[in-house]
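This report describes a single protein chain for a reader who is new to structural models. Please keep the sequence and the structure in view while reading.

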Amino acid sequence: MDKARKQFGLFLGILLTVSAVVIALIIYTMTMEKLKQIATLKLIGAPDRVIIGLIVQQSLALGAVGLMLGLGLILTVRTISRAGCSWSRSTRWP
């Protein structure tokens, strides 16, 4: 049991690391796509604080959407698996 727990922890660590890298790359790509808009904001005198705030807001919105989708998926799978388990116990397979 202890070995399985360590393996699960290692898998979870790798999963979190890969997810963090993917999210960072998505945010970087989205920021690079908006380089012209950022340059325009700088040209009209927007301070760096405002531009960083916009990037942080976009990142938080992306994270919130991902969180909601993930929670929805988890709840859906959990509901289906619980319903499937009770169904499979009450039904006999031929």
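A salt bridge is counted when a side-chain nitrogen of Lys or Arg lies within 4 Å of a carboxyl oxygen of Asp or Glu. By that rule, a search of the whole structure gives two salt bridges.

The model is predicted: local features need pLDDT of at least 70, side-chain atom pairs count only at pLDDT 80 or more, and totals for chains, interfaces and linings use all residues. Residues are numbered from 1 along each chain as its sequence is written, and side-chain values use heavy atoms, with hydrogens and water left out.

**Overall build and confidence**

The protein contains three helices and zero strands, which gives the pattern α-α-α along the sequence. Helices (H or I, at least four residues) and strands (E, at least two) are DSSP runs, numbered from the N terminus. The predictor's confidence in each residue is expressed as pLDDT, from 0 to 100. For this protein the mean pLDDT is 87, and 89% of the residues reach 70 or more. Among the elements, helix H2 (residues 35–43) has the highest mean pLDDT, 94, while helix H3 (residues 48–90) has the lowest, 85. Where pLDDT is low, the predicted coordinates should not be read in detail.

**Surface and burial**

Accessible areas come from the Shrake-Rupley method with a 1.4 Å probe; for residues, only the protein chains shown count as cover. The accessible surface of the protein is about 8,300 Å², and 73% of that surface belongs to carbon and sulfur atoms. A residue is called buried under 20% relative accessible area, exposed over 50%, and partly exposed in between (1.4 Å probe, protein chains only). Of the 94 residues in the protein, 4% are buried.

The following table lists residues with their relative accessibility.

| Residue | Relative accessibility | Class |
|---|---|---|
| Thr31 | 14% | buried |
| Ser59 | 21% | partly exposed |
| Lys42 | 39% | partly exposed |
| Val22 | 42% | partly exposed |
| Asp48 | 47% | partly exposed |

Thr31 lies in helix H1. Setting aside residues up to four places away in sequence, Thr31 touches Ile38 and Ile55, where a contact means heavy atoms within 4.5 Å. Ser59 belongs to helix H3. Ser59 and Ile26 are 33 residues apart in sequence, and their C-alpha atoms are 9.3 Å apart in space.

**The nonpolar patch**

Patches are made of residues with over 30% relative accessible area and no salt bridge; like charges are joined within 9 Å, and nonpolar side chains (Val, Leu, Ile, Met, Phe, Trp, Tyr) within 5 Å. Leu10, Ile14, Val18, Val22, Ile26 and Leu62 form a nonpolar surface patch of about 510 Å². Helix H1 (residues 2–33) contributes the most to this patch, with five residues.

**The salt bridges**

Side chains of opposite charge can pair when their charged atoms come close. Which side chain meets that of Lys6 in a salt bridge? The partner is Asp2, at 3.9 Å from N to O. Both residues, Lys6 and Asp2, lie in helix H1, four residues apart, about one turn of the helix, and both are exposed. In another salt bridge, the side chains of Lys42 and Asp48 meet at 2.5 Å, N to O.
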